[in-house]
Amino acid sequence: MKFVVIGGGVIGTSIAWHLAEEGIGQVTLLERDRLGSGTTWHSAGNITWKPLADHDASVMYAFETITRLERDLGLSTGWLQTGRLFLAGSGEVRHGFEGFDKAAQDRGVPARWLSGDEARRLNPLLDPGGLEGIWLNPLSGRVNPADLTAAYATAARRKGAVIRENVTAESLAIVGGRITGVATSLGFIPADCVVLAAGLWSRSMLQPLGIALAQWPCEHFYVIAEVAPRLPRDTPSFVAPHELVYGREEVGRFLVGFFDENAKTLDPASLPNPFSFTLLPPDWEKIAPYFAAATRLFPPLETAPIRNFINGPESFTPDGFPLIGRVADIDGLIVATAMNSSGVTLSAMTGRLVADLVTGAPPRFEAGLYDPSRFADRARDLAWLATGVSSIVSAGYLRHNQ
Ligand SMILES: Cc1cc2nc3c(=O)[nH]c(=O)nc-3n(C[C@H](O)[C@H](O)[C@H](O)COP(=O)(O)OP(=O)(O)OC[C@H]3O[C@@H](n4cnc5c(N)ncnc54)[C@H](O)[C@@H]3O)c2cc1C
């Protein structure tokens, strides 16, 4: 069989490797620019285990995959297991963490509640006064998303996949309801199976075929502050769902990210072309209330110079789950996109799931949750879609909280 994967982000490269590993045909990945140049390169790279049905298996598989890649390739993905402080800013949030704690104990995960003093020893910037509880989840950390992408690509090449950078997929060729190949900037490439993993550009790729994907991008941001004291590299990351903020150490500095309640949507067609290693302009007004909440938790932030404002586009769906699976009306066409700010975390699971779909192996993950056709014709309604994604950025946060 001939496989073509469109898109060389963290998702497409994972898929290319998983397919190549199956040894069931020739895999070619097409990336119109360089690997990771779309959304992946500026991701915060956090991976956090949470005892949720859809999340547990995916994250455990991510950990297993990272360990395997690093061992087999001798390459670093930047993985650093720091643990994560879950900060409860309200009784309701504490109640949610109590549920996590019980599930973690049942699962044998050595999570525990910390006193304010213990937490301050782990992050000296924290003011624990006013918090209803602090829960330490040790199964959390971060990777360098570019390194993880490069590791997937290296592993894919070793298994015989061909990775073509600077090649654009222009259109899909369909004959009698079946995919036959991809027209590209370098000419036609025949294929029996095409996996569309073009990130926020996936929807427009399918539009000419009359297929609507329920994905739409929002602006998504974090800042990096020059804090004093500088943070040790192994400082646990944090999440504060009540305040809608999260963060971690970044080369001694403090990365603080925000999950916007009324996220700004953007039309992919309005983005510069090429959009390669590109960011959107900072929006200080938008982050102001979240940043103020973050300074209440970490007072030294108030006077810390902000060194970077990272604002990148990321695509979301109205229910917060990605779109992964076969496209109903076209044999041989699979999509894997709209990662709802969890693409680094979900990349291993996505690659595995696509490979299982292709080989017919029983999927190890809840494939039904990700069925790309679950929104039916509502996916065509842009107003509905934009409203849905604008609110899911924060609503999905309690579940994913990167
Ligand atoms: C600010 C921010 C912070 C984030 N933090 C986290 C985090 O902490 N943890 C986490 O798990 N996730 C996080 N994410 C989400 C994560 O970064 C994304 O979900 C993930 O990078 C998406 O990967 P992708 O491969 O789907 O898309 P992309 O990385 O955009 O890859 C798609 C690729 O397709 C290529 N392409 C497009 N059209 C074509 C074409 N026609 N032909 C060929 N190639 C094409 C593009 O050039 C691009 O390289 C964050 C996102 C943002 C914006």
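**The ligand and what surrounds it**

Of the 41 residues around the ligand, the ones that come nearest are G9, G38, S43, G199 and G343. Keep in mind that this is a predicted model.

By class, the shell around the ligand holds 15 nonpolar, 22 polar and four charged residues. Several elements contribute at least two residues each to that shell: helix α1, strand β2 (26-31), strand β14 (216-225), strand β18 (306-316) and helix α8 (343-359).

Now the domains themselves. The domain assignment of the protein chain gives these two, and each is made of separate stretches of sequence, as the bounds 2-68 + 145-215 + 318-377 and 81-139 + 217-316 show. Their C-alpha centres are 28 Å apart. In the contact between them, 22 residues of domain 1 meet 26 residues of domain 2. On the domain 1 side, the residues that touch domain 2 are seven nonpolar, twelve polar and three charged.

Next, helix α1, which covers residues 10-22. Its 13 residues, at 1.5 Å a residue, should span 18 Å, and the end C-alpha atoms are 19 Å apart, which agrees. Is α1 mostly buried or exposed? Eleven of its 13 residues are buried, so the helix is largely enclosed by the rest of the structure. Among those buried residues are V10, G12, A16, W17 and A20. Just after the helix comes G23, with a positive phi of about 65°.

In soluble globular proteins, nonpolar side chains tend to be buried together. Here the largest nonpolar core has 121 residues, and the members that touch the most others are A16, A156, V194 and V195. Helix α8 gives the most to this core, with eight residues. The core also draws at least three residues from each of domain 1 and domain 2.

Take A156 as an example. Not counting residues up to four places away in sequence, A156 touches T13, A16, W17, A20, V27, L29, A161 and I163. Four of the residues on that list, T13, A16, W17 and A20, are also among the buried residues of α1.

A197 sits in the loop between β13 (193-196) and α6 (202-206). Beyond its neighbours within four places in sequence, A197 is in contact with V5, I6, G7, G9, I11, G12, I15, A336 and T337. One of these, A336, is 139 residues away along the chain, yet the two C-alpha atoms are separated by 5.0 Å.

T359 belongs to helix α8. T359 has 10 other C-beta atoms within 10 Å and is therefore exposed, the limit for that being 12 or fewer. Leaving aside neighbours within four places in sequence, T359 is in contact with E22 and I24. T359 and L19 are 340 residues apart in sequence, and their C-alpha atoms are 9.2 Å apart in space.

That is the tour; I can take questions now.

Conventions. Residues are numbered from 1 along each chain as its sequence is written. This is a predicted model: local features need pLDDT of at least 70, side-chain atom pairs count only at pLDDT 80 or more; totals for chains, interfaces and linings use all residues. The expected span of a helix is 1.5 Å times one less than its number of residues. A residue is buried if 20 or more other C-beta atoms lie within 10 Å of its own, exposed if 12 or fewer, and partly exposed in between; C-beta atoms are placed from the backbone. A residue is near a molecule or strand if its C-beta atom, placed from the backbone, lies within 6 Å of it. Ala, Val, Leu, Ile, Met, Phe, Trp, Tyr, Cys and Pro count as nonpolar, Asp, Glu, Lys and Arg as charged, and the others, Gly among them, as polar. A nonpolar core is a set of buried Ala, Val, Leu, Ile, Met, Phe, Trp, Tyr and Cys residues joined through C-beta atoms within 7 Å. Domain bounds come from an automatic or database domain assignment. Two residues are in contact if their C-beta atoms, placed from the backbone, lie within 7 Å.
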